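Dear colleague,

Please find below the structure I am handing over to you, together with its sequence.

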Amino acid sequence: MLEFKYDTQLLIEGKDLDEDVISDYFTNNFKGDCLLAVGDDELIKIHFHTNEPWKVLEYCSSLGEIYDIVVEDMDRQARGLKG
């Protein structure tokens, strides 16, 4: 059984984005692991394992336009089922 079930990935397109600020927000406000927030001031790629992907989507959408959203159930994948 995984502690954090959902692999959440997306892109944020916006202005004046700061990967360090975004990483700090995730660390201080979301439970999860395997955080990756990389990019520049106009495009950030997010990768995060969590049990509450909707909170990640809500926060990220407040920063800019989000797209290429993928939320996969890693527990289902581990059991050989589609995520």
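**The nonpolar core**

The largest nonpolar core comprises 13 residues, and those with the most contacts inside it are I12, I22, F26, I44, I46, V56 and C60. Four elements each supply at least two residues of this core: the strands β1 (6-13) and β3 (43-50), and the helices α1 (19-29) and α2 (53-61). Please bear in mind throughout that this is a predicted model.

Leaving aside its neighbours within four places in sequence, I46 is in contact with T8, Q9, L10 and I12, with I22 and F26, with L36 and A37, and with C60.

**The chain as a whole**

The secondary structure of the protein chain amounts to three helices and four strands. Read from the N terminus on, the order of the elements is β-α-β-β-α-β-α.

For 83 residues, a compact globule would have a radius of gyration near 12 Å; the protein chain has 13 Å, and the two values therefore agree. The C-alpha trace spans about 40 × 25 × 20 Å along its principal axes. Of the 83 residues in the protein chain, 33% are buried. The accessible surface comes to about 5300 Å², and carbon and sulfur atoms hold 48% of that surface.

**The cysteines**

The structure holds zero disulfides. C34 takes part in none, and the nearest cysteine sulfur to its own, that of C60, is 16 Å away.

C60 is buried, with a relative accessible area of 0%, whereas C34 counts as partly exposed at 44% relative accessibility. C34 lies in strand β2 (residues 32-39). Its backbone also deserves a remark: C34 has a positive phi of about 60° although it is not a glycine.

D68 is found in strand β4 (residues 65-73) and is exposed, its relative accessible area being 52%.

Strand β4 also contains E72. E72 is partly exposed, with a relative accessible area of 27%. The C-alpha atoms of E72 and H49 are separated by 9.5 Å, with the two residues 23 apart along the chain.

**T50 in strand β3**

T50 belongs to strand β3. Is T50 buried or exposed? At 2% relative accessibility, T50 counts as buried, because the cut-off for that class is under 20%. A polar atom of the T50 side chain lies 3.1 Å from the backbone nitrogen of E52.

Residues up to four places away in sequence not being counted, T50 touches F4, K5, Y6, T8, K31, G32 and V56.

**S23 in helix α1**

S23 has its place in helix α1. With a relative accessibility of 18%, S23 counts as buried, since the cut-off is under 20%.

Which residues does S23 touch, not counting those up to four places away in sequence? They are L35 and A37. The C-alpha atoms of S23 and A37 are separated by 6.1 Å, the residues being 14 apart along the chain.

With kind regards

Note on methods: Residues are numbered from 1 along each chain as its sequence is written. This is a predicted model: local features need pLDDT of at least 70, side-chain atom pairs count only at pLDDT 80 or more; totals for chains, interfaces and linings use all residues. Side-chain values use heavy atoms; hydrogens and water are left out. A nonpolar core is a set of buried Ala, Val, Leu, Ile, Met, Phe, Trp, Tyr and Cys residues joined through side-chain atoms within 4.5 Å. Buried means under 20% relative accessible area, exposed over 50%, partly exposed in between (1.4 Å probe, protein chains only). Contact means heavy atoms within 4.5 Å. A disulfide is a pair of cysteine sulfur atoms within 2.5 Å. A polar contact is a pair of N or O atoms within 3.5 Å; within protein, one must be able to donate a hydrogen and the other to accept it, and residues adjacent in sequence count only if both atoms are side-chain atoms. The radius of gyration is taken over C-alpha atoms; the globule rule is 2.2 Å times the number of residues to the power 0.38. Accessible areas come from the Shrake-Rupley method with a 1.4 Å probe; for residues, only the protein chains shown count as cover.
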